Amino acid sequence: MNSIRKIVAAFVAVAVLAVGGYVVFEKHLKTRIATGPTVEIGTTPARSAVPVPEVKFTDATDAAGIRFRHFSGATGSKLLPETMGSGVAVIDFDNDGRPDLLFVNSRPWPGHPQPDKAPTLALYRNKGDGTFEDVTVATGLSIALFGIGACVGDYDNDGYQDLFITCVGGHRLFKNVDGKRFVDVTAKAGVAGPGVWPSGESAEAFLKHAPPIPFGTSATFIDYDGDGKLDLFVCHYCTWSPSIDLSIKSTLTGVGRTYQQPSTLEGNQCGLYRNKGDGTFEDVSEVAGARVFEAEGTDVGAKQRPVGKSLGVILYDADGDGWPDLFVANDTVRNFFFHNVSDGKGGRKFVERGKESNVAYAIGGTRGAMGIDVGEYRPGQFALLVANFANEENTFLVQQDAKRPLSFNDACAAVGMAGPSKGPLKFGTFFFDYDLDGRLDALTANGHIDPDITKIQPNQTYEQPAQLFWNSGVAGADFELVTAAASGPDLFKPIVGRGSAYLDYDGDGDLDVVLTGNGGPPLLLRNDQKTGHHWLRLTLEGDGVKSNRSAIGAEVVVEAGGRTYKRTIAGARGYLSQSELTVTVGLGKTETIDKVTVRWPGKEAGSQTWTAIKCDSVYRLKQSDPTATVVRPK
């Protein structure tokens, strides 16, 4: 009887969503896609420009041996997950000091035909000569998943970086065994999430599948309770199934069916898994405050609905108390700020404070938030950068000051980013110092969700160029849009951009870029800067007891030339992706480094300072060793 009631309830929910979704679609979707303001991609606000330095990016994808191509699973039914992937993760899986690349792939829907070559995850080992070797099969990762995103971290503190993949239909955790192969330990670890992949169904049955299927997006490893072991935070998008998706009208005249909009779908919840230290995790999503509900109405007995439609997450200790907080970008609903506080029982929990900290809404309300990152964009001043939907400018949330560390204001227009960023549909994003002048620049990977968007909005395209913003250091003109004249045409090659990450794959000290394309190949872009600026690269290693071995959550402070640079080791950046854990600090013309201080993550970890550090070098800083190990000297 209970099972019958559950089935009836599921179908009632689908019917309600179908009716409600149609109303929302007519009111919201047509505004979002069909009648957005005409904004030419790449336009700039009227203000005095600061000359942008010439730094060329060269497409090195083919030369480096990257042959991956993303498979979206699209068959014509236009199911929402087909538009979302995929992510990329930078991982040094074999501990040779060279960053490798992991590309996430999707798979055919149940009952649908397989392509000639079955799509799987793809792992490319950095050979150290500017090229990569496909080691997917050799490392045991030739596995078919409807993968979406990825994150990296040494969850068992054995010295090797492990891999977590978010999926539609149950997530996967892969343990790195001695830097040689990966083993699926999801079942033992208990981090698959609710539900499973609906295997064995015919194509017709799958499209009628009504029970919700897990829809993961971004994820990050984080030691939220400070016990030296990496926990796992997982974002989920909408409450989704093929039946729910197809039951809600989503069509436009002259185009036919379009991809579903998140505003027409029920929200979902983020998940938090505490690392128990024995190879297993405990789901503490509810007790540790990762779930967010809102009442549907004002009645005392009003139904509590899940709020989140989460796509991006970034770790940042906003109040500097040594406990890592989390910021989550949500699509068409308010963003989250999970503040890490004491649970009053000797442990830790999160309290969602997005509204009171002014993180929840951009100017004018909610936006279609995708990727998110945080960085020190001015000396001592931090900001959250959120990549938003087409015809919505980026959100640039500036942290107020030391007296109000939990208060933010949207300053996108004030820093010069609003006008140029309004046109494209932005997904991946990150801060990085591409010209090594000591100031963090910003990049977004762009691409629309519907191949037919030009028929609806002539000013929009399906494939879109990335946007690069150079940090000028001039208040009021902080960010200048970079053009092909300054950085060459390769960086701005139009793709259906999704994930993005940075890494120094060729070992020359500056940061290269990798962008993923939905349904297409990625772009590996080599940074060929010749500014003569100095730099410092630091790879951190926790002791595996007081701090996690990956040092995720550590704060790095570099003092040089009268300036102080602060960087955080984060387990995910942007959208569905993870950049390298190694920290790169551009020093400009400064040749002497005074000292480097690391505040290790963990409640009993403390700090360490190194003074015998030289510029233009790569160091490994170990919590267990007071000396700095030179990986590559000047």
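# Close-up views of a predicted model

**Figure 1. A salt bridge between two buried residues, E352 and R334.** Both E352 and R334 are buried. The model shown here, and in every view that follows, is a predicted one. The side chains of E352 and R334 form a salt bridge, with an N to O distance of 2.7 Å. E352 belongs to strand β21 (residues 348–352), whereas R334 sits in the loop between β19 (325–330) and β20 (336–342), so this pair ties together parts that are 18 residues apart in sequence.

**Figure 2. A salt bridge between D410 and R367.** Here the side chains of D410 and R367 meet, with 3.9 Å from N to O. The pair links distant parts of the chain, 43 residues apart: D410 is in strand β25 (residues 404–410), and R367 is in the loop between β21 and β22 (372–378). Are D410 and R367 buried or exposed? D410 has a relative accessibility of 15% and therefore counts as buried, because buried means under 20% relative accessible area. R367, at 12%, counts as buried too.

**Figure 3. A salt bridge that involves a partly exposed lysine, K229.** The side chain of K229 forms a salt bridge with that of D227, at 3.1 Å from N to O. K229 has a relative accessibility of 22% and so counts as partly exposed, because that class covers values between the 20% limit for buried and the 50% limit for exposed. For the whole model, the count of salt bridges comes to 33.

**Figure 4. K78, a lysine in a network of salt bridges.** Which residues are linked with K78 in this network? They are D450, D452 and K455, joined to K78 by a network of salt bridges. K78 itself is found in the loop between β1 and β2. Its relative accessible area is 11%, so K78 is buried. The backbone at K78 is also worth a look: the phi angle is positive, at about 60 degrees, although K78 is not a glycine.

**Figure 5. A cis peptide bond between G85 and S86.** The peptide bond that runs from G85 to S86 is cis, and its omega is near 5 degrees. S86 is placed in the loop between β1 (57–59) and β2 (88–91).

**Figure 6. D616, a buried aspartate with a positive phi.** D616 is not a glycine, yet its phi is positive, at about 55 degrees. The residue lies in the loop between β38 (607–610) and β39 (617–622). With a relative accessible area of 12%, D616 is buried.

**Figure 7. G364, an exposed glycine in a loop.** Where does G364 lie? G364 is in the loop between β21 and β22. Its relative accessible area is 83%, and G364 is therefore exposed, because exposed means over 50%. The C-alpha atom of G364 is separated by 12 Å from that of T332, a residue 32 places away along the chain.

**Figure 8. The surroundings of L523, a buried leucine.** L523 is found in strand β32 (residues 523–527). At a relative accessible area of 5%, it is buried. Which residues does L523 touch, leaving out those up to four places away in sequence? They are D59, T61, D490, K493, I495, V513, V514 and L515. L491 is 32 residues from L523 along the chain, and the C-alpha atoms of these two leucines are separated by 8.3 Å.

**Figure 9. The protein chain as a setting for the close-up views.** The secondary structure of the chain comes to seven helices and 40 strands. The radius of gyration is 23 Å, close to the 26 Å that the globule rule gives for 634 residues, so the chain is as compact as a globular protein of that length. Its C-alpha atoms fill a box of roughly 70 × 55 × 55 Å along the principal axes. Of the 634 residues, 61% are buried. Among contacts between residues at least 6 apart in sequence, 63% join residues at least 24 apart. The chain exposes about 22,800 Å², of which carbon and sulfur atoms supply 52%. It carries 64 positive and 75 negative charges, and the mean positions of the two sets are 3 Å apart.

Key:
Residues numbered from 1 in each chain as written. Predicted model: local features only at pLDDT ≥ 70, side-chain atom pairs only at ≥ 80, totals over all residues. Heavy atoms only, no water. Salt bridge = Lys/Arg side-chain N within 4 Å of Asp/Glu carboxyl O. Buried < 20%, exposed > 50% of the residue type's maximum accessible area, 1.4 Å probe, protein only. Helix = DSSP H or I, 4+ residues; strand = E, 2+ residues; numbered from the N terminus. Rg over C-alpha atoms; globule rule 2.2 N^0.38 Å. Contact = heavy atoms within 4.5 Å. Areas by Shrake-Rupley, 256 points an atom, 1.4 Å probe, with all protein chains shown as cover. Lys, Arg positive; Asp, Glu negative; His and termini not counted. Charge placed at Lys NZ, Arg CZ, Asp CG, Glu CD.
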